[in-house]
Amino acid sequence: MTIKERGLMKKERFDSRFSMVMYFLKGSIGYFVLFILFACLVSLLDLINPKIISYTVDTVLGDDPGTLPLLIENMLVPLGGTAWLKENLWAVASAVMAVALAGAVCRYFFQYLNGVGSEKLVHNMRNRLFDHILHLPFSWHSENHTGDIIQRCTSDVETIKMFLSEQLTQLFRVIVLIGMALYFMFNMNVRLTLVVVAFIPVIVGYSLYFHTKIGDQFEKVDVEEGKLSAIAQENLTGVRVVRAFGAEAYERARFEKQNSYYTDFWVRLMKLMSAFWTSSDLVSYLQLLAVMVYGTVLCVEGEISVGTFIAFNSYTAMLMWPIRSLGRTIANMSKAGISIDRLRYIMNAETEEDHGVCADVNMHGDIVFDHVSYQYENGSKDILQDVSFTIPGGKTIGILGGTGSGKSTLMYLLDRLYELPQGSGTITIDGTDIRDIPLFYLRENIGMVLQEPYLFSRTLEENIAIANRSAGHEDVLKASRTASLDHAVSHFKEGYQTFVGERGVTLSGGQKQRTAIAQMLVRKAPVMIFDDSLSAVDAETDAKIRNALKKSTGDSTVILIAHRITTLMNADVIVVLEDGKVAEIGNHTQLMENHGIYRQIYDLQSRNMETEVIA
Ligand code: ATP
Ligand code: MG
């Protein structure tokens with residue numbers, strides 16, 4: 001989906017957990033309805049066989065005049081009724097078999113539909129989350145931890161899937177099972193049924209209490225596991241720092257401590273679980289014992305038949321597991337609820353605003369910053385204060401300023417990575433406010449080499465072509481030549497097909513910067529921003545790249561941000577920023593004559609260079 005299409009999309013808000021679940025279920029809800037139906041059918045079929053066995057024992061083998069459902073009664077009449085059954089026991093056995101077979105078929109469909117439905121659900125959930133996250137503003141990403149977002153998209157998605165596909169189904173199934181079993185039992189004997197019923201709240205209550213308690217423990221285990229993987233991840237990513245500072249022993253001790261803590265948690269949890277399973281087994285068997293003892297008494301007294309006694313025992317045994325799982329399902333509901341809220345937090349985050357309609361702005365026109373002031377949402381001071389200057393279309397402008405003076409912020413605002421609030425000044429391109437330009441159009445036409453380039457774990461060529469998917473091999477070569485990258489690549493065994501390792505670790509700092517420059521050059525955007533992009537290359541390469549750039553940038557407007565004056569002294573206009581304010585504007589000659597801050601920096605840097613040469 002393009003940003004343009006997204007801009008036209010209705011923004012959905014999920015005010016309740018239910019609406020969130022229904023949104024995720026879109027596209028797979030049919031499977032859910034069907035497999036829940038099959039699950040209930042399985043429960044119903046499971047309940048029939050004890051009934052057949054009870055009838056066989058009492059009426060077919062014994063002499064009790066039992067009753068059959070009307071339909072079956074009518075079918076048996078022409079054959080000779082119960083008398084025929086007494087002669088043809090195979091018919092009863094076949095009925096048991098047929099019910100079991102029908103149960104197996106329903107189980108198959110239940111499993112199949114459950115598998116497909118839940119995978120479809122997870123597939124849709126991941127896609128919808130990923131799509132939404134991709135369109136969340138830069139500011140949202142800087143406020144939220146990557147690890148946390150990933151955790152939400154993996155383990156919370158999994159929790160919801162488990163809940164919907166297993167526990168919720170179980171809930172329906174168990175309710176049908178308990179409801180129908182109790183109905184059959186009440187019809188057979190009320191007093192014996194009451195014995196069974198008396199145990200249900202005890203078992204469900206105990207299981208609910210236990211699982212709620214254990215749920216809290218599981219949450220703590222999750223937190224501890226998160227801490228453990230954070231240590232591991234930090235050490236893997238920062239392996240160089242750990243080695244360089246000889247911090248292996250310290251890091252190992254830290255990991256071991258956390259690992260022991262985590263293991264202790266699990267051991268305690270396992271102890272709790274063992275205690276629960278044993279005690280709840282005991283309670284369930286007590287229920288069975290009570291049914292057996294009281295049932296025997298009733299049987300001896302002649303209140304119930306042997307067949308009823310057998311059926312009662314089968315039903316009680318059949319209910320043992322579902323009753324216990326009911327408590328767990330109810331307890332897990334709150335866990336799933338928390339996971340749904342965690343995903344709702346992501347899905348309810350506002351995507352980038354895009355109301356722009358002016359998709360025909362001449363991006364080669366003048367760029368004007370007019371009384372721009374800016375403060376980050378989480379920052380306390382004004383980063384930019386009343387900044388005004390003009391970048392003439394097609395010209396090269398240099399922005400010079402100390403660390404933290406707001407240079408990158410200015411560019412983020414121009415590319416609308418951060419949104420300039422209304423009333424804090426305006427940024428216009430060819431007279432049009434950038435807020436009126438659709439995001440896709442604006443970003444398509446502004447190419448920016450970020451100060452901290454990020455390379456994907458793909459080949460070098462794929463990394464360079466990322467900015468322009470229609471770029472061919474020749475375009476990549478040309479861009480690399482301009483960025484002075486070709487020489488370095490010629491030393492790689494696999495040239496442009498070299499796999500750039502995770503976060504580009506196989507490249508040097510300067511090579512990474514040059515890859516980022518090449519990345520932007522394949523784009524041929526009307527506005528090109530180089531944010532401190534030549535800081536990691538030596539002065540000679542810097543000059544070489546600048547010369548090559550001058551030839552290839554054509555009529556594009558070029559914005560060069562640098563700390564080194566030599567990088568931008570040939571620019572048509574130079575803006576000097578100091579603490580978020582414009583200190584000076586002019587070309588090199590004018591600024592030198594001004595004897596202001598630019599001149600001071602120039603003198604300082606030339607002196608340093610001389611000292612370096614002498615040293
Ligand atoms: P440098 O030359 O070091 O790259 P810069 O001129 O590019 O510096 P900016 O990156 O624009 O400086 O940062 C200006 C100020 O804004 C700094 O004080 C920085 O701490 C602050 N800042 C930058 N990004 C954020 C952010 N996402 N949230 C809050 N404050 C920020
Ligand atoms: Mg910066």
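Gln451 has a relative accessibility of 33% and counts as partly exposed. The model you are looking at is predicted. Let's work through it together.

**Exercise 1.** Find the protein donors of the magnesium ion (ligand 2).

*Solution.* 
- Step 1: Ser408 belongs to helix α13 (residues 407–414), while Gln451 sits in the loop between β6 (446–449) and α15 (460–465). The two are 43 residues apart, so the pair links distant parts of the chain.

**Exercise 2.** Decide whether Ser408 is buried or exposed.

*Solution.* 
- Step 1: Read its relative accessible area, 14%.
- Step 2: Compare with the cut-off: buried means under 20%.
- Step 3: Ser408 is therefore buried. Gln451, at 33%, is partly exposed.

**Exercise 3.** Describe the surroundings of ligand 1.

*Solution.* 
- Step 1: Start with the shell of 14 residues, where the closest are Gly404, Lys407, Ser408, Thr409 and Gln451.
- Step 2: Sort the shell by type: 10 polar, 3 nonpolar and 1 charged.
- Step 3: Look at contacts with oxygen atoms of ligand 1. Polar backbone atoms take part at Gly406, at 2.9 Å, and at Ser405, at 3.2 Å. From Gln451, a polar side-chain atom lies 2.6 Å from an oxygen atom of the ligand.
- Step 4: Finish with the cover: on its own, ligand 1 has 630 Å² of accessible area, and the protein covers 70% of that.

Methods
Residues numbered from 1 in each chain as written. Chains lettered and ligands numbered in written order. Predicted model: local features only at pLDDT ≥ 70, side-chain atom pairs only at ≥ 80, totals over all residues. Heavy atoms only, no water. Donors = N, O, S within 2.8 Å, 3.2 Å for Na, K, Ca; no water. Helix = DSSP H or I, 4+ residues; strand = E, 2+ residues; numbered from the N terminus. Buried < 20%, exposed > 50% of the residue type's maximum accessible area, 1.4 Å probe, protein only. Near = heavy atom within 4 Å. Polar contact = N/O pair within 3.5 Å; in protein donor to acceptor, adjacent residues only side chain to side chain. Areas by Shrake-Rupley, 256 points an atom, 1.4 Å probe, with all protein chains shown as cover. Nonpolar A, V, L, I, M, F, W, Y, C, P; charged D, E, K, R; others polar.
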